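Here is a short briefing on strand pairing and on backbone angles in loops. Please look over the sequence and the model first.

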Amino acid sequence: MTIAEMPLTDETEQTLLRLSAAWAAENSCRGYCANDHADLEGNRFFLAFHGDEPIGYLFGHVTNATQSSTVMAENTPFFEVEELYVIPEMRSHGVGRTLFRYAETAVRGAVHRPPQLESHPALLS
C-alpha cells in the first residue's frame with residue numbers, strides 16, 4: 001500500500017468522485033450523499049493505493065476553532081477531516097489508520113499542535 005497527497009487534477013477529481021459514489025451506493029452511512037466538484041474545492045487530498053488501484057481517500061482542510069472549548073482555544077488552527085473512506089474489501093487492514101497518520105504528518109506544519117480529528121456535523125445526526 002502506498003499513500004500520497006494529490007493535487008486536485010481532473011484525474012484525482014474523477015477518482016474521488018468514483019469512490020464517493022461507491023460509498024453512497026453502499027448506503028452504510030446515514031445521510032451520506034456522493035460528492036460533486038464543489039464538495040472537493042479548498043481541501044487537501046490523500047489517496048491510498050494498492051499497486052495502481054485507489055483503495056481509499058481522506059480529505060479535509062485547515063480551519064480555525066470558532067469558539068473556545070475544553071479541547072482548544074478560539075482561533076486555534078486545526079485540520080478538519082471532511083471524509084475518510086476505504087473500499088469494503090480493504091477495510092480492517094489498517095488503510096484508514098495509515099491515511100489518517102499520513103495526513104496528520106503532512107498537515108503538522110499548517111497547525112501549531114497535533115491535528116485534531118473533527119468530523120462533519122451532518123454525519124453525526
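Two strands pair if DSSP finds at least two bridges between them. Strands (E, at least two residues) and helices (H or I, at least four) are DSSP runs, numbered from the N terminus. The model is predicted: local features need pLDDT of at least 70, side-chain atom pairs count only at pLDDT 80 or more, and totals for chains, interfaces and linings use all residues. Residues are numbered from 1 along each chain as its sequence is written, and side-chain values use heavy atoms, with hydrogens and water left out.

**Strand pairing**

- β3 and β4 run antiparallel to each other, joined over nine bridges.
- Asn 64 has Pro 77 in β4 as its bridge partner.
- β2 (residues 44–50) also pairs with β3 (residues 53–64) in the antiparallel sense, over seven bridges.
- Ala 48 is bridged to Gly 56 in β3.
- Two residues separate β2 and β3 in a hairpin. Gly 51, in the turn, has a positive phi of about 65°.

**Loop residues with positive phi**

- Asn 27 sits in the loop between α1 (10–26) and α2 (37–40). Its phi is near 55°, a positive value in a residue other than glycine.
- Asn 27 counts as exposed because its relative accessibility is 68%. Exposed means over 50% relative accessible area, buried under 20%, and partly exposed in between (1.4 Å probe, protein chains only).
- Ser 92 belongs to the loop between β4 (77–86) and α3 (95–107). Ser 92 is not a glycine, yet its phi is positive, about 65°.
- Ser 92 has 80% relative accessibility, so Ser 92 counts as exposed.
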